[in-house]
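Please walk me through this model in the viewer, stop by stop. For each stop, tell me what to select and what is there.

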Amino acid sequence: MTTHEAVVDVSQDWLQACSVQQQFMRGPAASENLVDFSAGCRQLRALGGDCYDFTSLPDGRLTMLIGDASGKGVAAALMMASVQASLRTAALFAADNLAAMLRVVNLQACASSLADRYATLFYGVLDRESLTLRYINAGHNPPLLLHPDGSFTWLEPSGPPVGIFPDASWCEGLIRLQRGDLVVAYTDGVTETFGPSGTEWGVEGLVAAAASIRARSADTLVQSIFDSIDDFSAGNQHDDATVAALRIL
C-alpha cells in the first residue's frame with residue numbers, strides 16, 4: 001500500500017467513525033403524545049465526547065440521555081459510544097430500576113475504559129401517562145426544570161460519574177411534571193462559554209435564555225440557546241456543547 005493509499009484509508013475510516021457517532025445521537029425534533037423534545041450538539045472537533053439520545057421504550061415510555069466523556073477527540077468519543085450503547089441495551093431489561101441499570105453500565109465502563117477516563121451523564125425515563133420523570137444524574141451538570149410561572153429548580157447529581165469506581169452507587173430521583181414544564185439538559189461546554197471580556201455565560205445565561213422562549217417548540221428552544229451562546233461569545237467555541245430539551249405540551 002502506498003503512502004497516499006494509506007492516507008485515503010485513514011480519511012475514510014475517520015469519516016465512517018464520524019458518521020457512526022452521528023447515528024448514535026439520534027434525537028430529531030418530535031411532538032407526540034403530550035411531549036415535545038429536541039436536542040443539538042456542537043463538537044469542537046469532528047469526533048467528541050458529548051452525546052444525547054431520545055429513545056422510545058417498547059411500553060411507550062421515553063428515555064432522555066445527555067452525557068459528556070472526559071477528554072476530547074477519538075478516546076472520548078469511543079468511551080461515550082460504549083456507555084451509550086450499554087445504556088440502550090440495559091434500558092430494555094432494567095428501566096424500572098435505574099440505579100441497578102447504571103451500576104451495570106458503570107461496571108462495564110470501569111472494565112473497558114482507561115484509568116483516567118470517565119463520563120458524566122443524566123438519564124431520565126418519562127412516563128407519558130402519569131407525566132412522571134424518573135432520573136439518575138451521574139456527576140453531570142444539573143438539568144434545569146423550568147415551570148410555566150417562571151420558577152425553576154435543578155436536577156442535582158445523585159452519584160459520581162461512571163467509569164471511576166466499580167462499587168459506585170446512585171439514587172434515583174422522581175419528579176411529577178405538569179403541562180408547560182420544560183426540562184433543559186446541557187453539557188459544561190454550554191454554561192462555561194466565555195465572552196470576549198472573559199465573563200462566563202453560566203447558568204444565569206442558560207436560565208435567562210430558556211425562560212425567554214420557554215413557550216416555543218423544543219426545537220426552536222435548542223436553536224435559540226445556541227444562538228444566545230453565539231451572541232455572548234462572539235462565535236468563539238472552546239469545548240463540545242450539547243443541549244437537550246423536553247417540554248410537556
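Begin with the salt bridges, where a side-chain nitrogen of Lys or Arg lies within 4 Å of a carboxyl oxygen of Asp or Glu. By this rule the count comes to six. This is a predicted model, in which local features need pLDDT of at least 70 and side-chain atom pairs count only at pLDDT 80 or more, while totals for chains, interfaces and linings use all residues. Residues are numbered from 1 along each chain as its sequence is written, and side-chain values use heavy atoms, with hydrogens and water left out.

**Stop 1: salt bridges**

Select Asp230 and Arg42, whose side chains form a salt bridge at 2.8 Å, N to O. Asp230 belongs to helix 6 (residues 218-233) and Arg42 to strand 2 (residues 35-42), so the pair ties together parts that are 188 residues apart in sequence. Helices (H or I, at least four residues) and strands (E, at least two) are DSSP runs, numbered from the N terminus. Asp230 is partly exposed, at a relative accessible area of 25%, and Arg42 is partly exposed at 26%. The terms run as follows: buried is under 20% relative accessible area, exposed is over 50%, and partly exposed is in between, with a 1.4 Å probe and protein chains only.

Next, select Glu172 and Arg134, a salt bridge with its closest N and O atoms 2.8 Å apart. Glu172 sits in the loop between strand 8 (152-154) and strand 9 (173-176), and Arg134 in strand 6 (residues 132-138), so this pair ties together parts that are 38 residues apart in sequence. Glu172 is partly exposed, with a relative accessible area of 36%, whereas Arg134 is buried at 14%.

Then select Arg61 and Asp59, whose closest N and O atoms are 2.8 Å apart in a salt bridge. Arg61 is buried, with a relative accessible area of 13%.

**Stop 2: helix 2 against helix 3**

Show helix 2 (residues 73-94) and helix 3 (residues 98-112). They pack at an angle of about 145 degrees, with their axes 9 Å apart. Axes here are lines fitted to C-alpha atoms, for helices over the stretch in contact, and angles run from 0 to 180 degrees between N-to-C directions. Which residues of the two helices make the contact? On helix 2 they include Met79, Val83 and Leu87, and on helix 3 they include Leu98, Leu102 and Ala109. Contact means heavy atoms within 4.5 Å.

**Stop 3**

Select Val162, in the loop between strand 8 and strand 9. Is Val162 buried or exposed? Val162 is buried, with a relative accessible area of 0%. Leaving aside neighbours within four places in sequence, Val162 is in contact with residues including Met79, Val83, Leu102, Tyr118 and Trp170. The C-alpha atoms of Val162 and Ala109 are separated by 6.7 Å, although the two are 53 residues apart along the chain.

Phe165 is in the loop between strand 8 and strand 9, and is partly exposed, with a relative accessible area of 45%. Select Phe165 with Tyr118 and Ile164 to show a nonpolar surface patch of about 260 Å². Patches are made of residues with over 30% relative accessible area and no salt bridge, with like charges joined within 9 Å and nonpolar side chains (Val, Leu, Ile, Met, Phe, Trp, Tyr) within 5 Å. Accessible areas come from the Shrake-Rupley method with a 1.4 Å probe, and for residues only the protein chains shown count as cover.

**Stop 4: helix 5 and Ser233**

Select helix 5 (residues 202-212), where Gly202, Gly205, Leu206, Val207, Ala209 and Ala210 are buried. Their cover includes strand 7 (144-146), strand 10 (182-186), helix 4 (188-191) and helix 6.

Stay with helix 6 and pick Ser233, which is buried, with a relative accessible area of 1%. Beyond neighbours within four places in sequence, Ser233 is in contact with Thr193, Phe194, Gly195 and Pro196.

**Stop 5: Val35 and the whole chain**

Select Val35 in strand 2, buried with a relative accessible area of 0%. Val35 and Leu249 are 214 residues apart along the chain, and their C-alpha atoms are separated by 5.7 Å.

Finally, show the whole chain, which has six helices and 11 strands. Buried residues make up 49% of its 249 residues.
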